[in-house]
Amino acid sequence: MERSLETQVSQAVDAWLRWVPRWEPATHRGRVAPCRRCLGSPILSSAGLGSDVPHGVQHGLSTRIKTIVDQAVAEYTSRNLPMLQAELDQQAARNRARSYRPTEGLDPEFEGLPLDPDPVPGAPFLFTLSGLASEEEAQVPSLPPLSEEAKAALRREVALADEYANLIGREVCGILLHHRLRIHAAVVEFVEPQIEAMLAELSQTLDAPFDPHDPGDGLAL
């Protein structure tokens with residue numbers, strides 16, 4: 001029996017709640033470019049995960065919920081949008097022809113993130129994962145071109161798929177509102193203490209401009 005959206009969202013939140021206790025703050029240099037999946041996401045707003053919550057925590061939930069929307073749209077497309085489905089099938093077959101597919105099979109916490117770190121000025125990479133993937137893709141034949149009539153029909157079906165995605169997205173966001181207390185409790189229990197500990201450790205390593213308990217005048221040079 002097909003699961004309802006309520007059940008799917010609840011199970012996605014449950015899976016995220018099981019993962020959150022394993023989250024740890026990143027120790028590497030942060031990325032400059034914002035995550036397009038999470039920035040301004042209505043999913044995160046509905047879940048109550050604001051900008052004060054680390055991106056890694058946000059991404060793990062937004063990806064799991066986006067998967068639900070994507071699956072619903074895929075089912076709608078297979079039933080109602082034959083041209084778009086045929087195009088997707090051809091693209092999937094083309095992707096399977098590539099032996100190197102680094103973006104597939106990732107855990108939700110890493111899905112959709114850039115493959116490579118931000119470049120460091122003056123320190124070029126010998127190679128990048130995205131570069132290797134592009135080289136592999138360039139060796140696969142392109143899809144056959146479409147006629148103008150086919151392009152117009154495909155655009156209409158893409159628009160219908162987008163409308164359905166928006167419909168499912170709004171419904172999923174409404175369901176997420178009922179899980180905000182559980183989500184917030186997990187952030188308070190597992191995320192905030194780690195952030196507070198990291199900030200406390202950082203404050204201990206910084207030199208204060210002056211010691212308020214030192215009776216001396218001025219700054220020591």
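**View 1. The overall chain, from the N terminus on, runs α-α-α-α-α-α-α.** The protein has 7 helices and 0 strands; here helices (H or I, at least four residues) and strands (E, at least two) are DSSP runs, numbered from the N terminus. This is a predicted model, in which local features need pLDDT of at least 70 and side-chain atom pairs count only at pLDDT 80 or more, while totals for chains, interfaces and linings use all residues. Residues are numbered from 1 along each chain as its sequence is written, and side-chain values use heavy atoms, with hydrogens and water left out. Of the 221 residues, 29% count as buried; buried means under 20% relative accessible area, exposed over 50%, and partly exposed in between (1.4 Å probe, protein chains only).

**View 2. Here is the second largest pocket, with about 460 Å³ of space.** α3 (55-80) and α4 (82-96) are the elements that give two or more residues to its lining. Of these helices, α4 gives the most to the lining, with 3 residues. The pocket is lined by 14 residues, and Asp70, Asn95, Thr103, Glu104 and Glu111 lie nearest its centre. Sorted by class, the lining has 4 nonpolar, 4 polar and 6 charged residues. For these classes, Ala, Val, Leu, Ile, Met, Phe, Trp, Tyr, Cys and Pro count as nonpolar, Asp, Glu, Lys and Arg as charged, and the others, Gly among them, as polar. A pocket is an open set of points on a 1 Å grid over the protein atoms alone, where a 1.4 Å probe fits, with protein on both sides within 12 Å along at least five of seven lines; lining residues have an atom within 4 Å of a point. Grid points are joined across faces, edges and corners, and the volume is the space filled by probe spheres set on the points.

View 3. Tyr76 and Tyr164 are stacked, at 4.2 Å centre to centre and with 5° between the planes. The pair links distant parts of the chain, since Tyr76 sits in helix α3 and Tyr164 in helix α6 (residues 148-176), 88 residues apart. Both tyrosines, Tyr76 and Tyr164, are buried. Rings of Phe, Tyr and Trp (its six-membered ring) pair if their centres lie within 6.5 Å; planes under 30 degrees apart count as stacked, over 60 as edge-to-face and the rest as tilted.

**View 4. Leu167 also has its place in helix α6.** This leucine counts as partly exposed because its relative accessibility is 43%.

**View 5. Helix α7 bends by about 40° at Val191.** A proline, Pro193, follows within four residues. The bend at a residue is the angle between axes fitted to the seven residues ending there and the seven starting there. Along α7, Ile183, Ala186, Val187 and Val191 are buried. The 26 residues of α7 (residues 180-205) should span 38 Å at 1.5 Å a residue, and the end C-alpha atoms are 36 Å apart, which agrees. The expected span is 1.5 Å times one less than the number of residues.

**View 6. Arg36 lies in the loop between α1 (5-19) and α2 (42-47).** Arg36 counts as exposed because its relative accessibility is 83%. C-alpha to C-alpha, Arg36 and Gly112 are 8.8 Å apart in space, although 76 residues apart in sequence.

**View 7. Ser142 can be found in the loop between α5 and α6.** With a relative accessible area of 62%, Ser142 is exposed. Ser142 and Arg94 are 8.0 Å apart, C-alpha to C-alpha, and 48 residues apart in sequence. In helix α5 (residues 129-138) you will find Gly131, which is partly exposed at a relative accessible area of 25%.
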